[in-house]
Amino acid sequence: MLGAEEPHRKHAAMTANPRAAFQALLAGPGCVHPASVYDAATARIAADLGYECAILGGSVASAAVLAAPDLMVMTLSELAGLVRRITRAAPLPLLVDADHGFGNALSAARTVEELEAAGAAALTLEDTLLPQPFGESATRLVSLEEGLGKIRAGLAARRDPMLSVIARTGALSVTGLEDALARARAYAAAGADGLFLTGVQSLEQLAALRAAVDLPLLVGGSREGLGDAAALAGLGVRVMLQGHHSFPAALRAVEETLRALRQGGAPPASDPALLRRALRAEDYEAAGRAFLQPPRPA
């Protein structure tokens, strides 16, 4: 709040430029786990807990906004609105799953424009064929040329060079390592700021990709047991997802609370102090004293 004392100003100062902070993560030597967030309050909690960055997954965004599964029924404007609310609330660098860019390469360019304006620090554009075509159930990828066109268009569309445009590929689990290497090389040559990999099965795959491209790696949807953060960092992995657990955990808490109340019982214990911190109640109270009260006599 302007003009009021801000208890959380120290952390805000640390991430005054979330895009620069995210690029520093990509350029650094370590591997971090992003917080999976889905609204303003969860982003603030993640920031207060000291997370280096946050991620808004496509499945999580669809669940939070539409209560719908991840079937590409969410629109770009709905996603951008959610991103804007999250980035306004917390200075934490936000990595946004932009799916396939909501269409062709021109749509991908528009997606970059909208998410940049909404405050995203980074976004991923993937080469999965989306939405699911009629009569098909297996995951397919677009051609390398089409995927490359989206990355090039996305890079050309950004106005702030600090916005990280990450190329995402599911080739490891769909078409195999050789295709993943070819796509990685093409995306790197186009100027992508990083490579987001899904379906990783082994450290050997990561080592092969690291040898092929000099790009920071981001890993999601991998097999468990790949190793600790230090081992992954040594292979160029800078961001490693731990899954999207926050939203289903919140749903469970809401259901348990509503069920208890519906049955006439006491709800599970709440945490008023956490609520006040997440809502920045002290900041608003200080602003009220500063701007809604008459000045004290000198």
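A cavity here is a set of points, on a 1 Å grid over the protein atoms alone, where a 1.4 Å probe fits but cannot get out. Its volume is the space filled by probe spheres set on the points, with grid points joined across faces, edges and corners. This is a predicted model, in which local features need pLDDT of at least 70 and side-chain atom pairs count only at pLDDT 80 or more, while totals for chains, interfaces and linings use all residues. Residues are numbered from 1 along each chain as its sequence is written, and side-chain values use heavy atoms, with hydrogens and water left out.

**View 1. The second largest cavity.** This one comes in at about 30 Å³. Its lining (residues with an atom within 4 Å of a point) is made up of Leu-125, Glu-126, Asp-127, Gly-147, Lys-150, Ile-151, Arg-168 and Tyr-187. Helices (H or I, at least four residues) and strands (E, at least two) are DSSP runs, numbered from the N terminus. By type, the lining splits into four charged residues, three nonpolar and one polar. Here Ala, Val, Leu, Ile, Met, Phe, Trp, Tyr, Cys and Pro count as nonpolar, Asp, Glu, Lys and Arg as charged, and the others, Gly among them, as polar.

**View 2. The largest cavity.** Searching the whole structure turns up two cavities of 30 Å³ or more, and the largest has a volume of about 80 Å³. Lining it are 13 residues, of which Gly-58, Ser-62, Asp-70, Met-74 and Asp-99 sit closest to its centre. Helix α4 (residues 58-66) supplies the largest share of the lining, three residues. Eight of the lining residues are nonpolar, three charged and two polar.

**View 3. Strand β7 and its partner β6.** β6 (residues 194-198) runs parallel to β7, joined by four bridges; strands pair if DSSP finds at least two. Across from Leu-218 in β7 stands Phe-196. The chain gets from β6 to β7 through helix α10 (residues 203-212), in a right-handed β-α-β crossover. Right-handed means that, with the strands pointing away from the viewer, the path from the first strand over the helix to the second runs clockwise.

**View 4. From β7 on to β8.** Three bridges link β7 to the parallel strand β8 (residues 237-240), where Met-240 stands opposite Val-219. Together with helix α11 (residues 229-234), β7 and β8 make a right-handed β-α-β unit.

Notes: On a 1 Å grid over the protein atoms alone, a cavity is a set of points where a 1.4 Å probe fits but cannot get out, and a pocket is an open set with protein on both sides within 12 Å along at least five of seven lines; lining residues have an atom within 4 Å of a point.
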